[in-house]
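Hi there,

Here is the structure I promised to pass on to you. Have a look at it first, and then read my notes below.

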Amino acid sequence: MKVLLINPPLKSSNPDEPVPFPLGLGYLAAAVRDAGHQVTLLDGSLGLSVSEPHEELFYIGLSIPEIVTRAIQEEPEVIGISIPFTSRLKVSVEILQRLKKTMPDVPIVAGGMHATVDPEALLDNGVDAVLLGEAERSFVKYLHDGCIKGDLTGVAHHWEGSKQIRIQTDHITDLDELLFPARDLVPFETYLKRSGGRWIRQGLKVASVISSRGCPYRCTFCSAFRVAGRKYRKRSPENVLAEIDELVHRYKTDVIAFEDDNLTADRQRAVDLFEGIMERFHKLQWITPNGISIKNLDRDLIQLMRRSGCRSVNLAFESGDPHILQEVMKKNLDPEDGSRVRNWCREAGIAVNGYFVLGMPGETIDSMERTRDYALSLDLDGIGIFIATPFRGTELYDLCQREGYLDAEYARGDVLFQSDPEVLHKPLIETPWLKKQDLVAFQTQFDTEFMDNFLAKRPMARIKNWLRPIVQKAGWGK
Ligand code: B12
Ligand code: SF4
């Protein structure tokens, strides 16, 4: 069969946003090709960045008419569209409705994180089937038998006038059985050219790798378990090293970005993997942009990480308020744990970027001040301060809906409104303890204070920051 896989365009406040290779579609394409089908991967996020009138965000990627034209040229028998983020649902729905109009006989299948947690909305908007969760196996089965025959689980589709949803009952147990993502189906060098600059120097070639799936923890704002489950499944170090080998030798990658949900949940596997990297790839650097669990780090492991090329870690500190951290976020973490790990990283020479979330239910100005003071005390090398977003499929969403904390329009369930990236950029929770405008003002002030503090302690960074607008204006460094 001729299968066309589409990754939708994205929106970002940064026109130079690094565009990552869509790993999920890469895994899927490899599995489908191996089953004898002809696959094309059309990445709609590879393209120009365009600022749109009256919008705060830049549109990054191909326009919808361009995507439709390319799709028609491919003459596919099945189209698959990936919806990993809620923020890409709106544009995905626009694309698939146009495709349905132009090619009404071609079945459209959706998958990815948002599709998994909200399949009904997609069925209402023109999708023929949604494959829920991991889909390397189910997509191959679907292409063979459709939704009805066989033993397909993890699917949502229309059946005899109503929607039928069969949840995914099994995950792939041996991840080494999976083929490496089909990076050869795309101009992979283009991603590498646009990959630096986020948490690592611009100009370095960064490629993402997932070395394990699943996370046993239960953070209330997280939906990762809806696709990958709570059971930690890991690839063998040899299997991961073979993929890194391909990235280093075939694609000349400088940096590996591990995007695992929980890279070091199995300590011995982590040790074997890092020792393998140290022995085989002397110049390779690696980072953890998705965050790495503070709970699963110790001094010896951190020292080994540094020796094996780890240059920076992103740590999910989340909050400096013990109540918010433990009772509201259910992080099973103490701020003290974070400070200790931060010190071990400093000792080892690993830079630390910190993630924080403000505005969870129960958050007050006082608790946010505790978080800000905590963050400043950590003397971080970089920071991401996020406003809590109640994504579907999370405990946070259910709690806010139950308690009436959700923004009224967001709660109404209008799919296009709910998934508008402009909307998702703003606070969507209002509680008796904290007003939205106070939350936004605090976030801005926190960001400024962090930057002032950071620049005061780092003279070189101060000079670079001062030169940046001049360099940008002159067009150097591009
Ligand atoms: C890597 C990653 C990123 C990377 C890059 C992702 C990419 N390639 O585009 C970066 C750093 C850019 C990123 C950014 C963000 N991320 Co992120 N990210 C992830 C992470 C850790 C892993 C995704 C991944 O590669 N998984 C591995 C592959 C194998 O799995 P997969 O993509 O799900 O694909 C499988 C299935 O879903 C399915 N599938 C996928 N596509 C399709 C298509 C079809 C047709 C079918 C049938 C099946 C199918 O089959 C695949 C193979 O099994 C996930 C957590 C997670 N575990 O999902 C969060 C996650 C997806 N991110 C999340 C969020 C919130 C964000 C940000 C909004 C964070 C922020 N505040 O800035 C931004 C938004 C980016 C944007 N502008 O749109 C949330 C999403 C919540 C939501 N509903 O939107 C997640 C779930 C994390 C969480 N803790 O909740 N992210
Ligand atoms: S540790 Fe990370 S992946 Fe695991 S539940 Fe918490 S946020 Fe999700």
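Let's start with helix 6: its buried residues pack against helix 1, strand 6, strand 7, strand 8 (129-131) and strand 9 (155-159). Those buried residues are E136, S138, F139, K141 and Y142. Just after helix 6 comes G146, with a positive phi of about 75 degrees.

Some ground rules before going on. This is a predicted model, in which local features need pLDDT of at least 70 and side-chain atom pairs count only at pLDDT 80 or more, while totals for chains, interfaces and linings use all residues. Residues are numbered from 1 along each chain as its sequence is written, and chains are lettered from A and ligands numbered from 1 in the order in which they are written.

I also used a few terms above. Helices (H or I, at least four residues) and strands (E, at least two) are DSSP runs, numbered from the N terminus. A residue is buried if 20 or more other C-beta atoms lie within 10 Å of its own, exposed if 12 or fewer, and partly exposed in between, with C-beta atoms placed from the backbone. Two residues are in contact, or pack together, if their C-beta atoms, placed from the backbone, lie within 7 Å.

Now the whole protein. It has 20 helices and 18 strands. The radius of gyration (taken over C-alpha atoms) is 22 Å, close to the 23 Å that the globule rule (2.2 Å times the number of residues to the power 0.38) gives for 478 residues, so the protein is as compact as a globular protein of that length. Its C-alpha atoms fill a box of roughly 60 × 55 × 50 Å along the principal axes. As for burial, 43% of the 478 residues count as buried. Of the contacts with a separation of 6 or more, 75% are between residues 24 or more positions apart.

Next, the domains. The assignment (bounds come from an automatic or database domain assignment) gives domain 1 (2-166) and domain 2 (195-474). Their C-alpha centres lie 27 Å apart, and 22 residues of domain 1 are in contact with 21 residues of domain 2. On the domain 1 side, helix 3 (89-102) and helix 4 (113-117) each supply at least two of the touching residues. That side has ten nonpolar, five polar and seven charged residues. Here Ala, Val, Leu, Ile, Met, Phe, Trp, Tyr, Cys and Pro count as nonpolar, Asp, Glu, Lys and Arg as charged, and the others, Gly among them, as polar.

What about the inside? In soluble globular proteins, nonpolar side chains tend to be buried together. Take A29 as an example: leaving out residues up to four places away in sequence, A29 touches L5, V39, L41, A182 and L185.

How many residues surround ligand 1? The answer is 40, and the closest are G24, G80, S82, G111 and A135; a residue counts as near if its C-beta atom, placed from the backbone, lies within 6 Å of the molecule. Helix 1 gives the most to this shell, with five residues. By class, the shell around ligand 1 divides into 24 nonpolar, eleven polar and five charged residues. Around ligand 2 you'll find C215, Y217, R218, C219, C222, A224, D261, N262 and S293, which divide into five nonpolar, two polar and two charged.

Lastly, two spots to check in the loops. Most residues other than glycine have a negative phi. K252, though not a glycine, has a positive phi of about 55 degrees. K252 sits in the loop between helix 9 (237-249) and strand 14 (255-258), and counts as exposed because it has 11 C-beta neighbours inside 10 Å. N332 is not a glycine either, and its phi is positive at about 50 degrees. You'll find N332 in the loop between helix 12 (322-328) and helix 13 (335-348), partly exposed with 13 other C-beta atoms within 10 Å.

Cheers
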